[in-house]
Amino acid sequence: MDGQVNQFSFLNSATLYPSIARLSLDDQFFDLCCGVRTPIDGNPPAIRYMPQATYRRYNHDYIDHQYGLRRMHVSAQQSPKYAYFEGKIVPFEQATVSIMNQTFNYGTGIFGGLRGFWNEDEQQLFVFRPLDHFARFLGTARILTFDFEYTPESLRDILLELLRTEGWQTNIYIRPLAYITTNAIGVKLHGLEYSVCMFSIPFGTYLPSEEGAHVTISSWRRVDDNSIPARGKITGAYANSALIKTDAANAGFDDALVLNQDGHISEASAANFFMVRNGIVYTPPISSNILEGITRRTVIHLLQEEMGLSVVERSIDRTEVYLADEACFTGTGVQISAITTVDHRPVGTGEMGPIVAELRDLYHRVVTGRLEKYRHWLTPVL
Ligand SMILES: Cc1ncc(COP(=O)(O)O)c(C=O)c1O
């Protein structure tokens, strides 16, 4: 899986997140795609919160009071068969680059994360908002001064070709990457060659869960716009996310909210944050060092247009979260996950609230093509 001795695969965690090469492939994909311990592929309902004393983590094993020792991972048979690499679709094993590669060495890559949802009734695979994802991807390329001919449309067409070659008939996760192809020592962005690659893997179905995430406030701070811009999905910046996530997991939490440099809530390790207080929904503004999430944008629209709620984008203090009636994460990986405790304090009743529950249901219907009005957000593959 990790490629040959002097080469590495694009599915290798070190490629995706260069500074955390020691974490396993499964760790990366689980953490990236699930964000919180939401069940995948037939696992039991989301695990209950486990006090630190009874919580142990051995790679992917965890002890669940109800189910005993469980293992959560993306299994080997879920490997892609194909990748888009160096301008064409190739067998996945051929998509490798040198260990001298610039992006591998310095974390100067760009990545995206999209989902495809299989609609059994229509026998159709729908990719959710690909043009928006690729527009953000190319925006990050602009920040990093990657000189590309690609457009969101051309990247979407490459993705469709890849997915038709793969022939997935299940829910999937899609990973585009832009990287510097030059093999040389020397940290810089200019005067180099750049390329795009892409692969997809089957990914667990969205199973609404009655139970939510147990989170803490991270002792780490979010990367700042004037250090490594969080609004871009820059591979090296995800060392920050990995520190946030792993320290939260080691302390027995599902994930953490992280403060920006001025002490306000930014987001989670790989998801945006929303909370409800007195019937109004609040989320940090895009100037709070957040990734400008496509799910966030979708959720703001659904809350306002479909649920008739006011959504206010403003700085959020830590203790406001403690007083929230409801809260959730949003993201391509976590989708919409209820947060039910923060630093051991129950959010509202300590159970998923009615607004988050309705939003989850609505979102699920939208992404699987069951709401005609929002079919324009979906691109059919087949
Ligand atoms: C740091 C971070 N914030 C937020 C998100 C959610 O963004 P999106 O909804 O576009 O997936 C992600 C997604 O991967 C992320 O990595």
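Helices (H or I, at least four residues) and strands (E, at least two) are taken as DSSP runs and numbered from the N terminus. The structure is a predicted model, in which local features need pLDDT of at least 70, side-chain atom pairs count only at pLDDT 80 or more, and totals for chains, interfaces and linings use all residues. Residues are numbered from 1 along each chain as its sequence is written.

On this basis the protein has 9 helices and 22 strands. Of its 382 residues, 47% count as buried, a residue being buried if 20 or more other C-beta atoms lie within 10 Å of its own, exposed if 12 or fewer, and partly exposed in between, with C-beta atoms placed from the backbone. Two residues are in contact if their C-beta atoms, placed in that way, lie within 7 Å. Among contacts with a separation of 6 or more, 69% are between residues 24 or more positions apart.

The largest nonpolar core has 83 residues, a nonpolar core being a set of buried Ala, Val, Leu, Ile, Met, Phe, Trp, Tyr and Cys residues joined through C-beta atoms within 7 Å. This core draws at least three residues from each of domain 1 (7-30 + 76-202) and domain 2 (213-372), with domain bounds coming from an automatic or database domain assignment. The residues with the most contacts inside the core are A83, M198, M275, I339 and L359. Leaving aside residues up to four places away in sequence, L359 touches V299, L302, L303, M307 and I336. A second, separate core of 7 residues includes A230, Y238, A242 and L291.

A242 is situated in helix α6 and is buried, with 21 other C-beta atoms within 10 Å. A242 lies 28 residues from A270 in sequence, and their C-alpha atoms are 9.0 Å apart. Besides A242, the buried residues of α6 include Y238, N240, S241, I244, K245 and A248. Helix α6 (residues 238-250) has 13 residues, which at 1.5 Å a residue should span 18 Å, in agreement with the 18 Å between its end C-alpha atoms; the expected span is 1.5 Å times one less than the number of residues. After α6 comes G252, with a positive phi near 95°.

E86, which is not a glycine, has a phi near 50° and lies in the loop between β5 (82-85) and β6 (88-91). E86 counts as partly exposed because it has 13 C-beta neighbours inside 10 Å. D343, likewise not a glycine, has a positive phi of about 50° and is placed in the loop between β20 (335-342) and β21 (345-346). With 14 C-beta neighbours inside 10 Å, D343 is also partly exposed.

Around the ligand there are 15 residues, of which L291, G293, T295, G331 and T332 come nearest; a residue is near a molecule or strand if its C-beta atom, placed from the backbone, lies within 6 Å of it. α7 (294-306) and β19 (326-331) each supply at least two residues of this shell, and α7 gives the most, with 3 residues. The shell comprises 4 nonpolar, 9 polar and 2 charged residues, where Ala, Val, Leu, Ile, Met, Phe, Trp, Tyr, Cys and Pro count as nonpolar, Asp, Glu, Lys and Arg as charged, and the others, Gly among them, as polar.
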